[in-house]
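I opened the notebook to record, entry by entry, what I looked up in this model. The entries go from the ground rules to the chains and then to their contacts.

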Amino acid sequence: MPASKRPRASSGSDNRVDDFYRDYILDHYRHPRNFGRLERADAEAEDLNPLCGDQIRMELKVDDGLVSDVRFSGKGCAISQASASMLTERIKGMKLADVAKLSKDAVLEDVGIGISPTRMKCAMLGLRVLKSAAIGELAGWPDEE
Amino acid sequence: MLATDPKTERIIADFPILARPTSRGKRLVYLDSAATSQKPRVVIQALVDYYEQYNANIHRGVYEIAERATGEFERARVKIARFVGAEVAEIVWVRNTTEAINLVAYSWGNANLHAGDAILLTELEHHSDLVPWQLLAERSGAELRFIPVDNRGLYVLDDLDALLDGCKLVACAHVSNTLGTILPLDRIVSRAHAAGAVVLVDGAQGAPHLPVDLKALDVDFYTFSGHKMLGPTGIGVLYGKRALLDAMPPFLSGGDMIHKVAYDRSTFNDAPRKFEAGTSNIADAIAFGVAVEYLEQVGMEWVRDHERRLTGYALDRLAAFEPRGLAIYGPRDPELISGVISFNLADVHAHDLASILDTEGVCVRAGHHCTMPLMEKMGWSATTRASFYIYNTEADVDVLCAGLEKAARLFGV
């Protein structure tokens with residue numbers, strides 16, 4: 001289901017975190033999409049979030065400038081793993097040049113709810129690693145750009 | 001649930017923050033005192049009094065408020081000395097435990113450690129009692145050794161004499177900040193001294209929770225932070241035996257630590273002021289003195305008994321979650337640990353668990369607790385840590401357990 005069709009979080013403050021652990025996020029955490037390794041990757045990167053110890057590795061197959069396949073691997077909290085899983089669904093078929101330009105808004109739209117400042121790095125780790133793979137060097141933190 | 005005893009009720013009433021509900025309208029259940037403690041009203045008031053009534057620099061001004069500031073600042077040093085059983089001149093003000101350990105590593109370490117010497121640590125050390133010694137080992141050529149811990153987080157002292165051979169310094173935590181393990185000082189200090197080693201004890205988690213008599217413990221250096229024991233941030237203490245402090249060169253230099261200064265050379269003040277360059281954290285030191293007075297009135301034996309009882313209650317309640325995958329790390333004996341319990345709930349990541357507990361008003365720490373080598377050795381990527389202090393109750397543990405129920409339900413474990 002596209003991110004824009006997902007039910008949005010209610011605005012009630014009492015549900016902030018409960019919302020974060022909504023079914024589709026826990027589903028991506030329990031059953032990550034495109035999880036594993038590629039036999040041969042055209043672009044790859046990995047990094048960790050020193051605060052939590054979350055780890056993400058992204059591997060891309062690129063044909064004619066388009067992302068034809070992607071795998072991610074890693075471990076960490078539900079927020080880091082689910083947001084990485086959702087990213088892999090989003091970028092299949094995208095131009096690699098456009099992947100390099102993805103902003104934090106893409107991730108925030110995928111997860112569909114607000115993230116507290118201290119958990120922002122968890123949500124952005126997957127995107128940082130993905131952009132690093134796309135540009136061939138370590139990218140900055142998307143939330144700091 | 002057990003009824004809260006009247007003394008604990010009175011203590012809770014002294015902490016304004018505990019009466020403030022969270023933004024979700026929950027009662028604040030503060031289980032992160034190993035990171036920093038809450039502050040009683042008298043400590044907060046001491047900070048306000050200094051700034052409102054007698055804010056002035058110390059050791060110089062001859063006017064009334066400067067005399068009062070100097071007097072209160074030095075009286076705080078006397079209070080700290082009494083609290084830990086030291087002489088007043090053995091109490092050096094620093095910012096925190098980390099600065100105290102760095103002071104010893106640079107001043108004493110640079111002068112006394114050489115290639116071929118050994119520094120003995122334990123596998124439970126906080127980064128602040130590990131990294132300064134790694135850098136000293138690099139500077140001096142000394143070798144780092146470690147007292148091992150078993151898979152329950154208890155010290156293995158079987159090879160202690162071999163580890164102490166050629167050892168100049170033993171540096172170890174009085175209480176582990178990750179697992180709560182209490183260091184058996186009586187089994188280490190005399191053997192270390194017999195081997196010719198100086199003993200530094202990182203008391204960041206010891207001084208707040210255990211009765212400490214430094215003369216009886218016979219350690220050479222002891223370090224602790226005000227903010228973990230009801231005091232403000234930015235103030236801590238290095239205790240050093242008088243003879244050691246006197247023989248050590250200055251660490252930071254500048255104003256207030258000198259005796260006589262000429263353009264080309266200087267002589268230095270006596271310890272402890274030799275190590276207190278620049279204007280100290282005056283208000284924080286004074287308020288720290290008030291904090292230890294508060295702890296003295298509560299009674300450190302009571303503090304230890306209270307935490308032992310609460311830890312036992314929490315261990316019992318947490319054990320009920322074990323069939324659903326709760327893992328408790330560290331020794332499970334309240335006699336062997338201070339009020340610290342590390343755990344994980346099945347495959348729920350520690351940060352997810354902490355976020356869910358936060359929605360119930362429960363403050364816990366999640367992560368590696370500044371003990372990354374220990375986590376690596378044990379194979380834990382992160383743990384959730386609940387830590388207790390004088391204002392915690394069985395009711396707090398019950399709210400923690402209700403939060404665990406919620407997390408278990410959300411994650412389907």
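What follows are my entries, starting with the conventions I worked under.

**Conventions.** I numbered residues from 1 along each chain as its sequence is written, with chains lettered from A and ligands numbered from 1 in the order in which they are written. I kept in mind that this is a predicted model, in which local features need pLDDT of at least 70 and side-chain atom pairs count only at pLDDT 80 or more, while totals for chains, interfaces and linings use all residues.

**Chain A, confidence.** I began with pLDDT, the predictor's confidence in each residue on a scale from 0 to 100. Chain A averages 85, and 86% of its residues score at least 70. I noted residues 1-15 of chain A separately, since pLDDT stays under 50 there and the model has 17 contacts beyond four places in sequence for this stretch; I count two residues as in contact if their C-beta atoms, placed from the backbone, lie within 7 Å.

**Chain A, fold.** I found six helices and three strands in chain A, taking helices (H or I, at least four residues) and strands (E, at least two) as DSSP runs numbered from the N terminus. Along the sequence they follow the pattern α-α-β-β-β-α-α-α-α. Chain A has 145 residues, of which 40% count as buried, a residue being buried if 20 or more other C-beta atoms lie within 10 Å of its own, exposed if 12 or fewer, and partly exposed in between, with C-beta atoms placed from the backbone. Of the contacts in chain A with a separation of 6 or more, 60% are between residues 24 or more positions apart.

**Chain A, sheet.** I then traced the open sheet of chain A, which has three strands in the order 1-2-3 with antiparallel pairing; two strands pair if DSSP finds at least two bridges between them. Its edges are strand 1 (43-49) and strand 3 (66-75) of chain A, each of which pairs on one side only. From one strand to the next the twist averages 15°. Nine bridges join strand 2 (residues 54-63) of chain A to strand 3 of chain A, and I looked up one residue pair, in which Ile56(A) has Gly74(A) of strand 3 as its bridge partner. Helix 3 (residues 78-91) of chain A lies across strand 1, strand 2 and strand 3 of chain A and runs at about 170° to strand 3, where axes are lines fitted to C-alpha atoms, for helices over the stretch in contact, and angles run from 0 to 180 degrees between N-to-C directions. Helix 6 (residues 120-135) of chain A also touches strand 1, strand 2 and strand 3 of chain A, and its direction makes about 150° with that of strand 1.

**Chain B, domains.** I read the domain bounds, which come from an automatic or database domain assignment, as domain 1 (6-36 + 300-411) and domain 2 (45-297) of chain B. Their centres, taken over C-alpha atoms, are separated by 28 Å. Domain 1 of chain B puts 23 residues into the contact and domain 2 of chain B puts in 21. On the domain 1 side, helix 11 of chain B gives the most, with five residues. I sorted the residues of that side into eleven nonpolar, seven polar and five charged, with Ala, Val, Leu, Ile, Met, Phe, Trp, Tyr, Cys and Pro as nonpolar, Asp, Glu, Lys and Arg as charged, and the others, Gly among them, as polar.

**Chain B, sheet.** I followed an open antiparallel sheet of four strands in the order 11-12-15-14 of chain B. Strand 11 (326-329) and strand 14 (365-367) of chain B stand at the edges with a single partner strand each, so one side of each is left without a neighbour in the sheet. Strand 12 (residues 340-345) and strand 15 (residues 383-387) of chain B are joined by four bridges, and Ser342(B) stands opposite Arg385(B) of strand 15. Helix 12 (residues 350-359) of chain B packs on this sheet, touching strand 12, strand 14 and strand 15 of chain B.

**One residue, Tyr239(B).** I picked Tyr239(B) in strand 8 (residues 236-240) of chain B, which counts as buried because 28 C-beta neighbours lie inside 10 Å. Among the residues that Tyr239(B) touches, I listed Val84(B), Leu214(B) and Phe221(B).

**Chain B against chain A.** Last, I checked the contact between the chains, where 15 residues of chain B meet 15 residues of chain A. Helix 12 of chain B gives the most to the chain B side, with six residues.
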